[in-house]
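Let's take a friendly walk through a protein chain together. Have a look at the picture below, and then we can go through some of its details.

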Amino acid sequence: MKYSKIIGTGSYLPDKVLTNFDLEKIVDTTNSWIVERTGIRQRHIAAEYETAMIMAEKAAREAMVVADITPDEIGMIIVATTTPEKMFPSTACLLQQRLEIAGCPAFDLNSTACAGFMYAISIADQFIRTGAIKNALVIGSEVMSRIVNWTDRSTCVLFGDGAGAVLLGASHKPGILSTHLHADGTHKDVLSLNHSIGKPMDVEEELFIKMTGSQLFKLAVNILGDLFDETLKANSLQKSDVDWLVPHQANIRIIQAMAKKLDLPLERVAITLEEQGNTSSASIPLALDKAIRDGRIQRGDMLLLEGFGGGLAWGSALIKY
Ligand SMILES: CC(C)(COP(=O)(O)OP(=O)(O)OC[C@H]1O[C@@H](n2cnc3c(N)ncnc32)[C@H](O)[C@@H]1OP(=O)(O)O)[C@@H](O)C(=O)NCCC(=O)NCCS
């Protein structure tokens, strides 16, 4: 039986940091409101030259160093991003050229929003399991600061920029045990960016993220609870078998509810929300890379990754690291 396994991770965060106190000067908000309602204290903001591709390249190069593989060994590149540099060529193709990887399939997942990384890692896993490819570069990279309305306090305080990369390699020992993807278009209006191509925009706000936060909060807690049950059941495992939760970083209260659902103390949850905010499809690989680099996540640990976002779309992966 063939598995895919995490063989390297990397990340990149822009230098510029925007604190809640900085935001107090931009919109009608307070540090205490943001911390209490979300758990976020600061976020990184890309400089003008930093695009999803530039940040993806830095994260990818780090992951390649850890995995000790050369560009020609990479069999597929998937970039999950809601904020691509161009509609096409894809961020993944631009990256392929920068990394001098000839010929391998390369594409973006643009529309699965904050669930993008879960979809991307699941697709890469399927290709490796079937033996079609040996190694895949899976990246989440986002410049959310360019699609938030900086006059809307209910959304602009939430998001940040950054990139995280995971290199998957073929293995005969268990790595990714299972992935689970879902979507439900009936919730399409809860979180959206309605910018249409080829259609004149009616209102300027179509350029920016729109969200009904409280509704999304409730949906996320219910959806993710069911997703955990499904993921554990598929592997005949118990909550107590999970060593680490690596969640999408949207709100500390959602993360706390999910840790409780798994009976995990918060020390066993990879959390970057406080310093990074919600970096959409980059948040899971960023949290994973941080916990691996600082030695909290160790080889052999059982990881449960989960993400959800606009669509709604959501997904999980159970991984023996
Ligand atoms: C966005 C979120 C933090 C808002 O928290 P909430 O407790 O639901 O707050 P509400 O939206 O009900 O707003 C409560 C009040 O705070 C106000 N408010 C909103 N943003 C504010 C801010 N930044 N500062 C101060 N007040 C703010 C609202 O205007 C509202 O005021 P009102 O009662 O006078 O109308 C929370 O709903 C959330 O995190 N939801 C999930 C979002 C998510 O997961 N997004 C990512 C998906 S990938």
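## Two cis peptide bonds

Start with Pro-89, which sits in the loop between β4 (76-80) and α4 (91-99). This is a predicted model, and in it the peptide bond from Phe-88 to Pro-89 is cis, with omega near 0 degrees. Most residues other than glycine have a negative phi, and most peptide bonds are trans.

## Two residues with positive phi

Where would you look for Asp-68? You will find Asp-68 in the loop between α3 and β4. Its phi is near 55 degrees, a positive value in a residue other than glycine. Is Asp-68 buried or exposed? Asp-68 has a relative accessible area of 67%, and because the cut-off for exposed is over 50%, Asp-68 counts as exposed.

Ser-236 is not a glycine either, yet it has a positive phi of about 50 degrees. Look for Ser-236 in the loop between α7 (213-234) and β11 (244-247). With a relative accessible area of 65%, Ser-236 is exposed.

Let's step back to the whole chain. The domain assignment gives domain 1 (3-173) and domain 2 (177-320). Taken over C-alpha atoms, the centres of domain 1 and domain 2 are 14 Å apart. Domain 1 brings 55 residues to the contact, and domain 2 brings 47 residues.

The size of an interface is often given as the accessible area lost when the parts come together. Here, domain 1 and domain 2 bury about 3800 Å² between them, with 63% of it on carbon and sulfur atoms.

## What links the domains

How many salt bridges are there between domain 1 and domain 2? The count is two. Glu-274 forms a salt bridge with Arg-41, and their closest N and O atoms are 3.2 Å apart. Between domain 1 and domain 2 there are also 21 residue pairs in polar contact, counted with both residues at pLDDT 80 or more.

On the side of domain 1 that touches domain 2, several elements each supply at least two residues, including the strands β1 (3-12) and β6 (135-143) and the helices α3 (52-67) and α5 (116-129). The residues of this side divide into 23 nonpolar, 22 polar and ten charged.

Definitions and conventions:
Residues numbered from 1 in each chain as written. Predicted model: local features only at pLDDT ≥ 70, side-chain atom pairs only at ≥ 80, totals over all residues. Heavy atoms only, no water. Domains from an automatic or database assignment. Contact = heavy atoms within 4.5 Å. Buried area = accessible area lost by both parts, 1.4 Å probe. Salt bridge = Lys/Arg side-chain N within 4 Å of Asp/Glu carboxyl O. Polar contact = N/O pair within 3.5 Å; in protein donor to acceptor, adjacent residues only side chain to side chain. Helix = DSSP H or I, 4+ residues; strand = E, 2+ residues; numbered from the N terminus. Nonpolar A, V, L, I, M, F, W, Y, C, P; charged D, E, K, R; others polar. Buried < 20%, exposed > 50% of the residue type's maximum accessible area, 1.4 Å probe, protein only.
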